Amino acid sequence: PLKPGDRIAGQFRLRYTNQPENTTYHRGNGILLLGYPRGQVNTQPCEEIPLRYVPALLRQKLIGILENTFPTDTAFFAKALLLGDRTDMDYETNTAFKVSGISHIIAVSGLHVSILFSLVYLIAGKRRVMTVLLGIPTILLFAAVAGFTPSITRACLMQLLMLLALLLKKEYDPPTALSVAALVMLVLQPMVITSASFQLSVGCMIGIFAFSEPLRQYILSFGKLKEKSKGKSLKAKIIRWTTGSVAVTLSAMVVTTPLCAIHFGMI
């Protein structure tokens, strides 16, 4: 068994990751070459695992816990839902998620970061400084364990900027945070712009920032919903929540639908 930090030696066949079927995934993650072993391969174990590989080991331990906790027929879904690991998901199930348009549920993204931040906020007793002190290392660790995929990196960078704004008592501007997050990712890994995950994640947020509020106001203009949404009654809260959710969903789809058609050939 191999572990991070080990060295392998032998003969390998190498190929560029510029094939059309792989270019958006491999190149977007900075993988320019794939190696395939030919014949016997020798392994040289490392004596001490480098610190940068600790999150990868923690990820493997979490996967092992999930495999031991959940039944075989549901463990693959738990791993995909919590860590974005789809290695054990069969082709039929993976395709069903794509065709039904709910693939984002098993892609680690802003939804996971929001839930994680909410938990940290509650544990910190909603105290500003404590939330920041607990939130920053927790979010960074989660991003590392998730493998710094484009969608999770974008969400974590925006969340970190929000925490810094909270600490410094500054106004948090979401479009600016998105721009900074995208810029940092492109500086660190320029090829990430070819990743479907990056395009969908950033495109989703652009759609929400640009269209969600006008769409919400448009929906509220029907049947005097705007008047009914005012106040603290349960009915008013339900109207606000429903119209807001519909507006956010539709506005995200304005940008992501064409991208899905281009990358996956289906909507």
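How exposed is K3, in relative accessibility? K3 counts as partly exposed, at 31% relative accessibility; that term covers values between buried (under 20% relative accessible area) and exposed (over 50%), with a 1.4 Å probe and protein chains only.

The model is predicted, so local features need pLDDT of at least 70 and side-chain atom pairs count only at pLDDT 80 or more, while totals for chains, interfaces and linings use all residues. Residues are numbered from 1 along each chain as its sequence is written, and side-chain values use heavy atoms, leaving out hydrogens and water.

Start with the protein chain. It holds eleven helices and two strands, taken as DSSP runs numbered from the N terminus (helices: H or I, at least four residues; strands: E, at least two). Buried residues are 31% of its 267 residues.

Next, select K3 and D6. Their side chains form a salt bridge (3.3 Å, N to O), meaning a side-chain nitrogen of Lys or Arg within 4 Å of a carboxyl oxygen of Asp or Glu. D6 is buried, at 17% relative accessible area.

Move on to K79 and E67. The closest N and O atoms of this salt bridge are 2.9 Å apart. K79 sits in helix α3 (residues 72-83) and E67 in helix α2 (residues 54-69), twelve residues apart. K79 is buried, with a relative accessible area of 2%, whereas E67 is partly exposed at 40%.

Finally, select R216 and E213, another salt bridge (3.1 Å, N to O). Both belong to helix α9 (residues 196-220), and because they are three residues apart there, about one helical turn separates them.
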